[in-house]
Amino acid sequence: MKFLQKVLVPALIVGVVSVAAADRAEAQAAIKIDGSSTVFPVSEAFAEEFQISKRGKVRVTVGMSGTGGGFKKFCRGEIDMSNASRPILAEEMEVCRKNGIKYIELPVAFDALTVVVNPKNNWVKGNSMTVADLRKMWEPAAQGRISQWKQVRAEWPAERLMLFGPGADSGTFDYFTEAVMGRAKSSRGDFTASEDDNTLVQGVENNKSALGYFGFAYYAAHKDKLRAVAIDGGKGPVLPSVENVINGTYLPLSRPLFVYVKESSAARPEVREFVQFMMTQGAALVSEVGYVPLPDSAYKLAWQHFNNKKLGSVFGGHPKVGITIDQLLAMEAKL
């Protein structure tokens, strides 16, 4: 699975063409994408296959500065499309408005945000934790106070608690803190943070007493070296999986993934063709990189919204935690 294998490579290369190739391709039409590291594998797969289909006539570059970092560039008009692992926030919408940037919101996949431990961890029995356990580990009050696993649950050992998570510009950080703490960006600060999910993967792989969280595709690419934790959101522990996202039981850490397209860019033929490619041929690539594709009806509706220039976000700047695929489709149908 060639795209899944790409996830294993540290994302120092954030484009699908080299600098030398880019220099040679100055005459090509170009599409600039940036944003979420979670959405990066999906967008990279879209970009590579689309470029092959266009026989070198279009160059697509994909950056990975985090959801928040991507929206900053997007709302300044620097890029054509922004990848996001959460919907655009009210304050980001306002920056776009002030800069005259209008956009079309396109859901492209669903993710099971995954909590992982090292396989040598032999105390998280039954592979499960409650949301309350996660809150006790990650809440701001835990900083300087909760430093051992035993302080989370009495039956766990006095092993050092080593935490790895996305940085503050990450949509995954926003979503996790909203889902677990009830408030976005509410988190202790004394953990190893990175916008590169590969760094987080390696941190948990190399430390017996580590715990981290990131998108499901990064777990799927390393599941022989990581152990996913079943999360009990109040109805019993549920493991992250494609099936549990589809049936709506993996809550509250199941979430939609998005691509935002700048209205002025959408008028360009190469951008329109790329969006059409994503909406008509992208489902298989979404599956290949380890995420959950949307139903065909969802992609057809998104393509219709693109053609009709349906601007803005169905979330109104206020993302909802624990939304299911069916709920997202119902919201999109009302746009």
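This is a predicted model: local features need pLDDT of at least 70, side-chain atom pairs count only at pLDDT 80 or more; totals for chains, interfaces and linings use all residues.

Biologist: How many aromatic pairs do you get?

Modeller: The count comes to 15 aromatic pairs. One of them is Trp138 with Phe191, which is edge-to-face, at 5.1 Å centre to centre and 70° between the planes.

Biologist: Where do Trp138 and Phe191 lie?

Modeller: Trp138 is in helix α6 (residues 131–138), while Phe191 is in the loop between α7 (171–181) and β8 (192–194), so the pair ties together parts 53 residues apart in sequence.

Biologist: And are Trp138 and Phe191 buried or exposed?

Modeller: Both Trp138 and Phe191 are buried.

Biologist: OK, what about Phe176 and Tyr213, why is that pair stacked?

Modeller: The pair counts as stacked because the planes are at 15°, and the cut-off for stacking is under 30 degrees. The ring centres are 3.8 Å apart. Phe176 sits in helix α7 and Tyr213 in strand β9 (residues 210–214), so that's another link between distant parts of the chain, 37 residues apart. Phe176 is buried, with a relative accessible area of 0%, and Tyr213 is buried at 0% too.

Biologist: Which rings make up a cluster?

Modeller: Ring pairs link Phe71, Phe74, Tyr103, Phe258, Tyr260 and Phe315 into one.

Biologist: How do β3 and β13 run?

Modeller: Antiparallel: four bridges join β3 (residues 81–84) to β13 (residues 254–262). Asn83 has Val259 in β13 as its bridge partner.

Biologist: Last one, why is β7 largely enclosed?

Modeller: Five of the five residues of β7 (residues 162–166) are buried, so the rest of the structure largely encloses that strand.

Biologist: And what does β7 pair with in the parallel sense over three bridges?

Modeller: That's β9, where Leu211 is the bridge partner of Leu163. Three bridges also join β7 to β8, running parallel, with Phe164 opposite Thr192 in β8. Together β7, α7 and β8 make a right-handed β-α-β unit.

Key
Residues are numbered from 1 along each chain as its sequence is written. Side-chain values use heavy atoms; hydrogens and water are left out. Rings of Phe, Tyr and Trp (its six-membered ring) pair if their centres lie within 6.5 Å; planes under 30 degrees apart count as stacked, over 60 as edge-to-face and the rest as tilted. Helices (H or I, at least four residues) and strands (E, at least two) are DSSP runs, numbered from the N terminus. Buried means under 20% relative accessible area, exposed over 50%, partly exposed in between (1.4 Å probe, protein chains only). Two strands pair if DSSP finds at least two bridges between them. A crossover is right-handed if, with the strands pointing away from the viewer, the path from the first strand over the helix to the second runs clockwise.
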